[in-house]
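The following note sets out points on the structure shown below. It takes up the requested strand pairing, then the sheet and its helices, and then the contact between the chains.

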Amino acid sequence: MILFQQVTKIYRQKVALDEVNLKLSRGKIIGLVGENGSGKSTMLKLIAGLAYPTRGEVLVNGSKANRRVASTVSYLSELDEYYRFYNVKQMIKFYASQFPDFDLKKAYEILTFMKLDPESKLKELSKGNRGRLKIVLSLARNAPIILMDEPLSGLDPMVRQSIVKGLISFIDLEKQLVLITTHEIREVENILDEVIAIKDGTIIGHHNVEQLREEQKLGIVDWLTTIYE
Amino acid sequence: MADIFHSAEPIYLQLAERIKRQIVRGELQLGEKLPSVRDMALKANVNPNTVQRTYRELEGLKIVESKRGQGTFVTVDERVLQAIREEMKETEISQFVQVMREMGYSDDEIKAGLDSYLTEKGASEQ
C-alpha cells in the first residue's frame, strides 16, 4: 500500500532521510517513533505528496506520491492553525467541500463521541478541543491512508485518552492504514500493530509489536532503549 | 474492565486470560455473547486487530465459538468450563508454591500454613 524505495530526501544541505526502504500494508495502525528532527514528519509529507524525494521513489497504492495523492491520503499536520472565524460546523462543512470521501455522518458521530459543540467558534476552543477537532476532521474521511503527525503532542491525559478511544472506534481496519508519529508511546502502545524507529533519517527497526512481546519479551519502550543504545 | 496490560507480554494472550477468568468467576456465563470486536477493543483500550486475535485464540481452545453474522459466544460446554477452572487452579497454585519455595518454606510448612489459614482466617474472609 505504501512503498519507499531507496528514498533520500535532502533539504538544502541537511539529509532528512537516507536511503529509506519501507513497506506498509493496510489494516494496521503503525507508530513511527524517533527524536525530534529524525525524519518522521518528512516521511509523512512524502507519503502525502507534500514533498518529493531527492532520490528514490515513494509509491502509494502503486503510483508515485504527488499532490493528487491527497484524494487517498488523509493527512493531519502537526500544526495547529485553522480559520479562526469559523465555528466547528462550518469547519466540517469546509472539509466536506474539499474532500469527496469526507463522510458527514461519520464526522458528526465522532464529534458527539468527542463531546464537541458544533456551534463553538474555533478561536474559542481550548487546545485540547482543537486537538479533538483535528481528529474529527481526519478520521471522517473514508481515505485508505490516514497520516497523523503528533496528534497527542502537548495535550492533557484526558484528551489523549479520548483521542486514542476515537482511533479505536472510528478507524476501519478492514480498509484503512493509519500511520501515526508520536512521543507518547505509553499512550498508544496498546493500539499499535507495528512500530518503526527512525534515527538521523535512517530506519533502525521495524517490528510487529505483538511479535516483539512474544518473541523477545520486550515492550516498545524496552525495545527502543535497546536499539537506541 | 481495567485496561492495564503488561507492556512486555502479548496483549492478545493477556486479554484471553482475562476473559477466561471472567468465565470462571461467572461474570461471563456459558452461552453468553461476548462484546463485538470494536466494543471489546474500546473497553480494553486495545487495537481491534488484537481483540480479533484473542477471539480466534479462544475459539481454537473451544472456549468461545463464533456464529456467522451473530457474533462470538462463550461455549455452552460445561466440560470446557471445568477444564479452565482446573487449569487456572494449577496456574495459581504453582505460582504460589514457587514463591513460597523461593523464600525457603518447606512443603510441610506450606501445607500446614495453608491449612491453618483456611480454617482460621480464610473462613471469615469468605
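1. The model is a predicted one. Within it, A:I30 has A:E194 of β9(A) as its bridge partner. This pair belongs to the pairing of strand β3 (residues 29-33) with strand β9 (residues 194-199), both of chain A. The two strands run parallel and are joined by four bridges.

2. These strands are part of an open, six-stranded sheet in chain A with mixed pairing. Read across the sheet, the strand order is β6-β7-β8-β3-β9-β10. The edges are formed by β6 (73-76) and β10 (202-208) of chain A. Each of these has a single partner strand, so one side of each is left without a neighbour in the sheet. From one strand to the next, the twist averages 15°.

3. Two helices of chain A deserve mention with the sheet. Helix α1 (residues 40-48) packs on the sheet and touches β3, β6, β7 (145-149), β8 (177-181), β9 and β10 of chain A. The direction of α1 makes about 150° with that of β7(A). Helix α4 (residues 127-139) of chain A also packs on the sheet, where its contacts are with β6 and β7 of chain A. For α4, the angle with the direction of β7(A) is about 160°.

4. Turning to the interface, 26 residues of chain A are in contact with 20 residues of chain B. The area buried between the two chains is about 1700 Å², and carbon and sulfur atoms give 44% of this. Of the area that chain A buries against chain B, 37% is supplied by A:I168, A:N190 and A:E210, more than by any other three residues.

5. What is the count of salt bridges between chain A and chain B? The count is one salt bridge. B:R53 forms a salt bridge with A:E214, with the closest N and O atoms 3.7 Å apart.

6. On the side of chain A that touches chain B, the elements giving two or more residues are α5 (157-170) and α7 (209-216) of chain A. Helix α5(A) gives the most to this side, with six residues. By residue class, the side of chain A that touches chain B divides into 10 nonpolar, five polar and 11 charged residues.

Terms used
Residues are numbered from 1 along each chain as its sequence is written. Chains are lettered from A and ligands numbered from 1 in the order in which they are written. This is a predicted model: local features need pLDDT of at least 70, side-chain atom pairs count only at pLDDT 80 or more; totals for chains, interfaces and linings use all residues. Side-chain values use heavy atoms; hydrogens and water are left out. Two strands pair if DSSP finds at least two bridges between them. Axes are lines fitted to C-alpha atoms, for helices over the stretch in contact, and angles run from 0 to 180 degrees between N-to-C directions. Contact means heavy atoms within 4.5 Å. Buried area is the accessible area (1.4 Å probe) that two parts lose on being put together, summed over both. A salt bridge is a side-chain nitrogen of Lys or Arg within 4 Å of a carboxyl oxygen of Asp or Glu. Ala, Val, Leu, Ile, Met, Phe, Trp, Tyr, Cys and Pro count as nonpolar, Asp, Glu, Lys and Arg as charged, and the others, Gly among them, as polar.
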